[in-house]
Structure formats: C-alpha cells, structure tokens
Amino acid sequence: MNNTAQTLAQPRLLAIEGGLRTFQPVRRQNTSVAAEPFLNGTSSNYVEEMYYAWLENPRNVHKSWDIFFRNANAGAPPGAAYQSPPPLNGTSQGLASFQTLVGAQPNVEKLVEDHLAVQSLIRAYQVNHNGVFFTPSVISPCSVSVSFPLISHHNADLIFLRVCACLAGFSPHVTVFTTGFYGLAESDLDKVFRLPTTTFIGGNEGALPLREIIRRLEMAYCQHIGVEFMFINDVEQCQWIRQKFETPGVMQFSLEEKRTLLARMIRSTRFEEFLQRKWSSEKRFGLEGCESLIPALKTIIDMSSQSGVESVIMGMSHRGRLNVLANVIRKELEQIFCQFDSKLEAADEGSGDVKYHLGMYHKRMNRVSDKLITLSLVANPSHLEAVDPVVQGKTKAEQFYCGDTEGKRVMSILIHGDAAFAGQGIVYETFHLSDLPSYTTHGTIHVVVNNQIGFTTDPRMARSSPYPTDVARVVNAPIFHVNADDPEAVMYVCKVAAEWRNTFHKDVVIDLVCYRRNGHNEMDEPMFTQPLMYKQIKKQKGVLQKFAEKVIAEGVITPHEYEEEIAQYDKICEEAHTRSKDEKILHIKHWLDSPWPGFFTLEGQPKSLSCPSTGISEEELGHIGNIAASVPLEDFTIHGGLSRILKGRGNMVSQRVCDWALGEYMAFGSLLKDGIHVRLSGQDAERGTFSHRHHVLHDQNVDKRICIPMNHISPNQAPYTVCNSSLSEYGVLGFELGFAMASPNALVLWEAQFGDFHNTAQCIIDQFISSGQAKWVRQNGIVLLLPHGMEGMGPEHSSARPERFLQMCNDDPDVFPVKDFAVRQLYDCNWIVVNCSNPANYFHVLRRQILQPFRKPLIVFTPKSLLRHPEAKSSFDDMLPGTHFKRIIPDDGPAAASPEKVKRIIFCTGKIYYELTRERKNRGMDDSVAVVRIEQLSPFPFDLVKAESDRFPNADLVWCQEEHKNQGYYDYVRPRIRTTTNRTRPVWYAGRGPAAAPATGNKQTHLTELQRLLDSAFDLEAFSGKL
Ligand SMILES: Cc1ncc(C[n+]2csc(CCOP(=O)(O)OP(=O)(O)O)c2C)c(N)n1
Ligand SMILES: [Mg+2]
C-alpha cells in the first residue's frame, strides 16, 4: 500500500448533534489546497472507493480521476495532482487532450472540490437511508427529546411524521442535506456535474445539474422507502441495490398489479373488520395499522414462486397471524372462525393450544406463477422469536431432502415484531447461522411489523439502537425500511427483496414502518400509556381507504367496482362463518405444520405398537467397526495420536468389543446403511468435546482436506452430516429441532458441550421439546446428548440437571401402568430420559429412536469418564440380532445367584454404578448387596423394578446417586419405586446432601463426599430403626 491510499483513509464527516445527524462543513476554506487538500472527511471515503477502482483498472474511473491518481502516484501532493476535468456541457471536447501534468491548471481545485462535494452529497444520501421514520418517542410530546433521529421531512405522508417533525422542533420541508454543508452554493444548483459510477440516478445520462441530482436523490431516498445497504462490503451487491432504487422510474406498476394489490388490501383489512364485528371481545392480535403485511408476503411468495421456489416455510408471532393463515396460506375460513367457538370439543389427544399459535401446511396453485407452491407456518409458543431457528432448521431439512443445495426450491420467511426483533437474543443467534455451511438456508426474507411499540413500551425504552432492524447488519443483510401506509412502496421493496434473495441467496430485511391502531390486543387500552400517539392514530385514515382513493383517482378502478370487491369478500366471510357453525369438533391435526406422509396410518396412528430388535449382524458390526478404525481416503495423513486411537478401535473390533465412541459409530453407521440420514450437531461435535469421537479426520499436510469415514460405509447409504456449530445453544438446538421436524426418517442429534449449557436453550426444551406434541399433535424424534457426571470438575461442568428433565415427564408416579411397558409406555410419554451405563445400551437406544413406530424426543445423559473406562465396554454379543435396549440392567453377580441372602438392593443410574461395584468388591459384599442400574429413567420401568424388588424380598431398597439430594433423580424415582412395592417398602437415600450448586469446586471435598456416600450405601445398618 503506498502513501496515497493511506492518506485517503480519513475519518468520516458524519456528526451527531443532540441526536440529529447532520452533515457539517469541515473543510477549512482558508487553507491552501495544496497544503491541506480536499482529501478529508466524507469525501475521503469516496476518493478511497475511486482509488481502489482505479487500481483495479484505470478505466473504471473518470479520466480526471485517472489523471489525478497518476499524478499522485508520481509524487505530486494531492492538491497539485488535479487537472480540470473536461467540460460538462454535453459536447465533450475529447478526453484525449488531457495529460498527466502535475499542478499545471489554475482553479481546477474548485471544480474538483465541487465534484467531490456533489459526489459526497450523493454518497450521503446513499449512506443515510433517509426514507426516514419516526418513533413513538418523538410522537409523544412528553418525550420531545428525539432519541431516534434521522427525520426526513419529505416522508410526510403519515400524519405522525409531521407531528414528530414539529415536536422535534423542525419545520417541515427543510432539506437535511443542505448544499451549504458541502461547500456548494445556491449558484451551483444549475451547474452540471458528472455522475460517479456509484449512482444510477442519471438513468442514461452521465451528468446532471445539481438541482436535478438532488431532486432525483430525494425521489430515490426520501420518499417512502429508506434503504440501508452501504455497510455491505461487496461492490456488486451495493451496485445492485443502488440500481434497484435509484434508476429513474423504477417504481411503476401495471394496472393489473395495482388491482391485485387493492384486492389484497381489501382482504387483509376486511378480514380483521369481520373478526372484530363477530367476536369483538376476543383476542386476535389484529393487523390494523399494518394491513399491507398481507400484500407484502404475497408479493414475496409470487416473486419467489416465479423464480422456482416450490416451498415456503414461515415463522411468525401473534400479530396478524390469523390474517396470514386466512389470506396468505389460505386456510379455510370456517376452520379459523370455528376456533372462536368455545363449545368446540377437542378431538385429538393432548392439551392443544390457542388459535394464534397453531401451525399450518397447505399446497396450492400460485396464480401469478401458475406453479404449485407449498406454504407452511410453523406452530410456535408465546415466546417471541423462539420459532426463528426452528423455521430455519425445517427449511434446511427440506432443502436437504430435495437436494436443493442452493436454496432455489425451498425458502423461509420470518415475520417479526419490532420490539422482539431488537430485544430477543435468539434473533442474533439465528442470524449467525445464516451463512454457516451446515446451517445456511441460502437467504431468509425477514419482515418486521414495526408498529413502533411493544405491548405498552416505546422504542426509546426498548432498545439502544436507532432501528429495530440493526441486528441484521451483523450479517451484511440489506435493510429496506418502507412506509407501510404506501402499499405500492411496500410491494416494490418486497419485489426487490425476493429478487435479492434469488440473486445473492443472502438474508434481507423489510422493515414495515407502521402503527398499531388498537391496544396490544383488542381488549387493551393504549391510551393509558401512549395517549397522544393514540389520539393521532385515531385521526389517521386507514391505509385501505387512502390507497383506494388513490387508485380510484388514477382510474385504476371505479368506486362501484371497489364497493363490489368489498361486498364480495364480506360475503365470502359471511358464508364461511355460517359453515363454521356446523363444526362441532376441533381437530388440531388439521393444523399440522409438518405432515409425515406414509409414516402413520390414515387415522394418524402408528402403524404398529411394537419395536423390533435393535441389534445388527456380526458382519455389520465388523464392517462398521473397521470403517471407524480406518482412513478411507488415499494419501491422507492423519495425526499420530489419532493413528493410535484408530488402531485401538481396530483392536477392539478384533476382540469383538466396543467403547462408547465405537458403540455410537455402530448405531450411526447401521442406520445410515439402511438409508436413514443421521445429523449430529453441536459445539465441537466433530471431534467430540472429550476427543473421543473423531468423526472428521484432518489431513496434516493439506489445509482443509478432511475425511469423514462414516460416509464410506456403503455405496447406497444415506449421507452423514456432522457439524461443529456456532457457539449457541438456543439457536442451534432450535435449528436441530426444526430439522428433525421435517422427516421421521432421520436421526437428528444435538450435543451440548457440557450438559450444563442446555439451559441457555431452555425455551426450546420447555416450549417445544417437552410439550410440543401435547400442544400441536406433532411428534419429534430429536436426541439431546448431554454430558453429565460428577468428576470433580467443579460446579459448572458436572450436571446436565437430570432433575429438571425428569420433573417435566408426564408419567404418573403413583400409577402402576397395566400393560405393554416396552412400547405403549413410550408412546404415551412426552419424552424419553435415559442414562446408559454401557456402549451397547447407548447403541440400542439410538437405534430404537428410528425403529420404534413413532417419534419421541430422547434425552441422553452421556458420560465423560466412562468414555475411556476399561469396564464400560460392551461385547458385540450385546448388539447382535435379537438384542434390545435394556430399560434396567439387573445384577447378574453372586447376589443374583442367591437372592434370599441379599440384604440390600441399591438402585442407581449412570456412572456411579462403576464406583458402587468397585466399592462392593473391596468390601467383599458381592453376595449381600445387589446393584441394579435403571437405564431408562422415564418412562419409568415400573414392571422391571418391581421384578427386582420382588426377587430380593429380604433386601432393603436404596436409591444411590452422586448428585445432591435436591438434584439428580431421587425425587423422581422415589415415589415410583414405592409404587412398585405398593408403598410397602421404604426407599432409602444414599448420596450427597442438598446443595445450591451442582458440585463443589474443591477436588478433595468432592472425593470426601463420594467416599461418604459410598459408605452409607454399603452400611447395612445405616437406615435401621429410621422409619
Ligand atoms: C420472550 C417473550 N417475552 C415477553 C413476551 C410478552 N409479550 C407478548 S407480545 C409483547 C410485545 C411484542 O412487541 P413487538 O415485538 O413489537 O410485537 P407487536 O405486538 O407490537 O406486534 C410482549 C412483551 C413474550 N410473548 N415473549
Ligand atoms: Mg411492535
């Protein structure tokens, strides 16, 4: 980099004064140009751009710049490097006469400076996206302080704008960018200036008078659209956007388009009015004030369908959801209306959900493209934005299953509220998935219903960024702010957004700046908290009325036709309402967002209620084991340490045993071979946090060359996806849940780095995983792998909080189920919670996820020290055909041989088993104490636990756990073990006492506690006389 380029990088000119951003004249007029030249402030950015373009190719820039850069590079000081550009009167005298001379022309500086100033002015319009908006903070006179500035007085169609302008102390119709700021005088307005290549305002003209330049910039940037894009560091993308918004006359619509737009506005508006008329006291979170959301979404869908998209997956919260269901997805109106009838009986199992949370799936013909399109709206909880990553995961899965590697056939649209978009961290986490190879959906269109209020809270109290959309800047997504009271402008930005996605396959945001006509819901009084704003809103003419007046005046439609169109839609609503009265039963199944064709019977039931053996053949075990121990690519150098690990695997295979990693390999590999896609995602999941897995091998000599042996199992196998995720739990777990939603024929696993960290994804666990089926009749077979266990690593890396998962299980502690434990119990539960103590059982439980005839979430507390524990290995014999997952593993040692001698049964789960058996051996108590492992905690194996307690009639019953008493499993298992004995035998506790933290930070204390709990577990007198 030479001096010139460094000199060019100067600080920006933008200044912020009292919240109002203005452009200040910073050029020092009296300084000699040669000494302190124009290369300053805002102009420096422009010059820098020019310079880089010139470096690429001198023809990229105007001749005058070419000369300047040559002179500057030849050593001339910047002021002397200029020569006057050719005259701009349209009759070029030919640039050939210009020569590169240093400092030869008088007064050229003024001309160049004026050009630079004009170019800075153009850039300022582009940078400051001044289609500019207002916020309630400026609407409310009691908060005259303008916390969110950038007020353009051009964008004056909304009455608030004028209000806010006055409140903020501006007189309307004053240009923010007064020419004086740039050193340009009134007299310069009629001078002609050459336009830079970074603007399209000229159309076919290369030069324009300044007055016209300003007029066209105002047309492009100061009407009802404000474009934020100059932060995008890609010239092609910036040029693309400029062209879309600056080219004169871009925003023109055919008569047909205007008619369609009006019809859509009518449907949107009259739908809300109809609901209001019929059910005035029901909450529906209406769209009033942002009715143009409906044509916005429809425009995006039309455009996307035209460019080949076949499936659109949408996520949204409460606001306008019923309207979207009715008018975008086209759910039958009677199905919506009947939901307002409180007398409907629920037909499906489960607790159901309120109408504005339910999902939906619909395939229909798109009238504009004449192509079929599938639209789905994913069911969601109240938790705002929680559905975002779920939608992305489902979209990714649908792309994956149809081989759509570029997102040309499947896409997602996310609709947000302004307060939630700014406030909820999951929005940021989801944005950060957008460009990761295993998580990208190749561009999401985000639409923000920016009604400038969140419940009762003003933006100035709700966010610290100027716009609610600023979070999108982190991924360089362009942001199109648009006045939602101008349906044509809305339609235009939606077209551009769809084209953007189709061209660049990147996220884009549409900020629909609107208002909320009513309170947060229809029962709510907004005047309590925003009195002046709502006084203004009451006076505001509805957007449909305004738009209808406009198009009638333009002759697009006659008043009579307009009235007819309204009457026609009202009639459709009335008729549907009549039909809805015949609906007596509410079928939540009609509201499924992800049907699984062929997986269930036509009645939606599992095809059987049995599960085949989950074992596999000796040959398959050997084959997969050998793959796991090999490097299937040639000339691939792996790390020496890894060679040793693979060799160890090879030895295990020859000895017919598995460790934990190999057991997992066997499960994944065998499913893949049978055509089941397996996807494992999580932080550092490829290698495994504990360096045991190594599913991705890295060539030690070639950068980024990798090998995934799991994809070399069989030529017809399903693909294996293993991916290190971004450092997010909420986002990534939501994503994987969405992925698992798309098809029952995939094993989708999310692994936490340590089990502790699942709680930053608590919302996905509570709102979707544990309760999703009950609320939305939607099954999901996602697997959570949560490393858990007290290894003396301190409070933070010890507990996946089993107590919390168990507390959310729906099985009744006091009821001994009557039949078919192995499968029926699984079918009835909300999720399965296991803690496997050996690799074979882990292998079986993973395979059971797919071989059982329904889908349930599976929570697995996975081990850490057991990954390498010599005893925690399984023989191939335990994985052969005919073998199954063991819900409990009974004692099979001396105690079992003579059960009447057994004085105590210790029930336990997980790794404490190995500590207990070692201690038992040391104490010589193998025949007096039986240790029984409960591998499936929930649903609880009542039948097998009963069999064990019956088998040892003279034994007392002890639950032993390493976790603290108020944590772990104790509270869950105790009443259930009691139920197995009809509450005739007490269940004693051997374990750590209650504590606030999951574990001590002191290693010595940890060991002492462990010894103490083992002592009480084997002290046969410990509980005598304590009843
Ligand atoms: C995570 C979460 N926190 C709080 C709420 C309660 N809540 C429901 S709607 C709402 C305001 C949302 O404002 P905004 O996102 O602007 O949407 P709007 O209702 O204005 O369309 C709040 C705080 C919620 N549903 N979810
Ligand atoms: Mg809002």
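Which polar backbone atom is 2.9 Å from a nitrogen atom of ligand 1? The one in Ser382. This is a predicted model, in which local features need pLDDT of at least 70, side-chain atom pairs count only at pLDDT 80 or more, and totals for chains, interfaces and linings use all residues. Residues are numbered from 1 along each chain as written, chains are lettered from A and ligands numbered from 1 in written order, and side-chain values use heavy atoms, without hydrogens and water.

**View 1. Polar contacts of ligand 1 (pairs of N or O atoms within 3.5 Å).** A polar side-chain atom of Asp418 lies 2.5 Å from a ligand oxygen atom. A side-chain N or O atom of Asn451 is 2.9 Å from an oxygen atom of ligand 1. Alone, ligand 1 exposes 580 Å², and the protein buries 75% of that (Shrake-Rupley areas, 1.4 Å probe).

**View 2. The shell around ligand 1 (residues with a heavy atom within 4 Å).** It holds 15 residues; His318, Arg319, Ser382, Asp418 and Ala419 come nearest. Helix 14 gives the most, with three residues (helices are DSSP runs of H or I, at least four residues; strands are E, at least two).

**View 3. The magnesium ion (ligand 2) and its protein donors.** Asp418 (OD), Asn451 (OD1) and Ile453 (O) lie 2.0 Å from the ion. Donors are N, O and S atoms within 2.8 Å of the metal (3.2 Å for Na, K and Ca); water is not among the atoms, so sites may look incomplete. The donor spacing is D-x32-N-x1-I. Asp418 lies in helix 14 (residues 418-423) and Asn451 in the loop between strand 11 (444-450) and helix 16 (459-462), so the pair ties together parts 33 residues apart in sequence. Both Asp418 and Asn451 are buried (under 20% relative accessible area, 1.4 Å probe, protein chains only).

Terms used
Buried means under 20% relative accessible area, exposed over 50%, partly exposed in between (1.4 Å probe, protein chains only). A polar contact is a pair of N or O atoms within 3.5 Å; within protein, one must be able to donate a hydrogen and the other to accept it, and residues adjacent in sequence count only if both atoms are side-chain atoms.
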